[in-house]
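Here is a protein model to read step by step. The notes below go with the sequence and structure.

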Amino acid sequence: MKNKIAVLGAGSWGSILASVLVQNGHDVSLWTRHTDQANEINQKHTNQRYLKNYQYPSNLKATADLKQALTAAQIILFSVPTPAIRDVATQVAKILQEQNNQPLIAHASKGLEQNTHLRISQILEIAIPQSQCQAIVALSGPSHAEEVARQDPTLITAASTDLDAAKRIQDVFMNNYFRVYTNTDLIGVEIGAALKNVIALGVGALHGLGYGDNAKAALMTRGLAEISRLGVALGANPLTFTGLSGVGDLIVTCTSVHSRNWRAGDQIGRGQNPADVIANMGMVVEGVKTCQSAYELAQQENIEMPIVEATYDVLYNHANIDKVAADLMQREGKAEL
Ligand SMILES: NC(=O)C1=CN([C@@H]2O[C@H](COP(=O)(O)OP(=O)(O)OC[C@H]3O[C@@H](n4cnc5c(N)ncnc54)[C@H](OP(=O)(O)O)[C@@H]3O)[C@@H](O)[C@H]2O)C=CC1
Ligand SMILES: O=C(CO)COP(=O)(O)O
């Protein structure tokens with residue numbers, strides 16, 4: 001069935017997800033805050049600032065008019081960075097009220113809000129009254145935009161407490177290179193998505209420092225233990241962390257040159273100033289702000305997260321990265337489980 005879908009955010013991920021939906025026969029409106037970018041996508045079918053060499057489907061329509069993008073939308077997919085979610089969702093809620101529309105809401109963003117420590121679906125729930133949306137679905141898994149653009153096989157998870165809503169998102173995205181599983185553990189999927197970026201910063205930093213595969217595998221594994229510990233304390237199903245949005249996304253983000261978080265960590269490990277690295281990336285590095293939220297959340301919930309703490313110290317307290325890595329090794333002996 002053809003759906004009218006609004007995709008909000010024409011960065012690397014939003015523009016590629018919009019392309020997948022267009023290829024699947026849906027009527028898609030891609031919203032960007034720049035008129036010149038909308039014109040470029042509509043006329044040249046390119047998006048120079050984000051995925052330089054990719055030619056978008058000619059029937060992908062972009063607009064800088066949010067009202068127009070949302071008109072008659074049956075599904076709204078948020079794909080802006082976490083810090084922008086609340087503001088964009090507030091604008092959306094106003095328009096939905098005027099349009100008297102009640103779409104299904106989905107998001108593909110990965111992070112925790114600063115100060116509130118909220119997951120994306122919690123921010124959306126606050127900003128968009130229940131009367132204006134059917135349900136909220138999170139889309140997450142090992143999925144770099146650059147490889148989806150080449151139609152490499154990609155598997156992800158659509159998570160919602162409302163299984164029917166997750167199935168609708170599964171249906172609109174599934175095709176021969178994009179396979180979607182459903183999951184009702186929204187907390188686990190969103191925590192895995194947000195926290196893997198922090199661990200990828202750490203693994204990238206180990207690479208930059210010159211460490212080998214043993215150290216990186218160790219940080220990924222113990223990082224997953226921290227993610228699971230936090231997730232379970234917040235109500236997640238521990239098995240979710242063995243899935244696509246857990247270990248799957250952790251592996252891809254900690255090992256791929258496409259990962260902005262990994263690349264940022266690598267440069268920091270080589271001695272560059274974290275603030276300069278982030279400023280020069282030209283795309284969002286979600287793990288930096290989420291690291292602060294995760295650190296504060298761990299303190300608040302009294303959860304032991306030494307890797308998150310170490311990453312926080314490097315990013316926010318100018319800690320010496322060699323010393324931080326050495327200190328992690330010298331913690332008292334622990335039981336693995
Ligand atoms: N790239 C990927 O492969 C994947 C990314 N994700 C997640 O998707 C989310 C988006 O990432 P991605 O597309 O890669 O990020 P990019 O940095 O590539 O693009 C971000 C997009 O969001 C827009 N944006 C930022 N702030 C606002 C705002 N306040 N209002 C409106 N638009 C805004 C940017 O616009 P502008 O150009 O004006 O700054 C840009 O179009 C992140 O949470 C990321 O973790 C998830 C899976 C894969
Ligand atoms: O979430 C992603 C892949 O699944 C993208 O990760 P980065 O934001 O680190 O590029």
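**Contacts, core and ligand**

Leaving aside neighbours within four places in sequence, Leu 77 is in contact with Ile 5, Val 7, Leu 8, Leu 17, Ala 106, His 107 and Ala 108; two residues are in contact if their C-beta atoms, placed from the backbone, lie within 7 Å. The model is predicted: local features need pLDDT of at least 70, side-chain atom pairs count only at pLDDT 80 or more, and totals for chains, interfaces and linings use all residues. Residues are numbered from 1 along each chain as its sequence is written, while chains are lettered from A and ligands numbered from 1 in the order in which they are written.

Leu 77 also belongs to the largest nonpolar core, which has 106 residues. Such a core is a set of buried Ala, Val, Leu, Ile, Met, Phe, Trp, Tyr and Cys residues joined through C-beta atoms within 7 Å. A residue is buried if 20 or more other C-beta atoms, placed from the backbone, lie within 10 Å of its own. Leu 77 is among the members that touch the most others, together with Val 7, Ile 76, Val 137, Ile 199 and Ala 294. Helix α8 (residues 186-209) gives the most to this core, 14 residues; helices are DSSP runs of H or I, at least four residues, numbered from the N terminus.

Around ligand 1 there are 27 residues, of which Gly 11, Ser 12, Trp 13, Ala 84 and Ser 109 come nearest; to be counted, a residue needs its C-beta atom, placed from the backbone, within 6 Å of the ligand. The largest share of this shell, 4 residues, comes from α4.

Key. A residue is buried if 20 or more other C-beta atoms lie within 10 Å of its own, exposed if 12 or fewer, and partly exposed in between; C-beta atoms are placed from the backbone. Helices (H or I, at least four residues) and strands (E, at least two) are DSSP runs, numbered from the N terminus.
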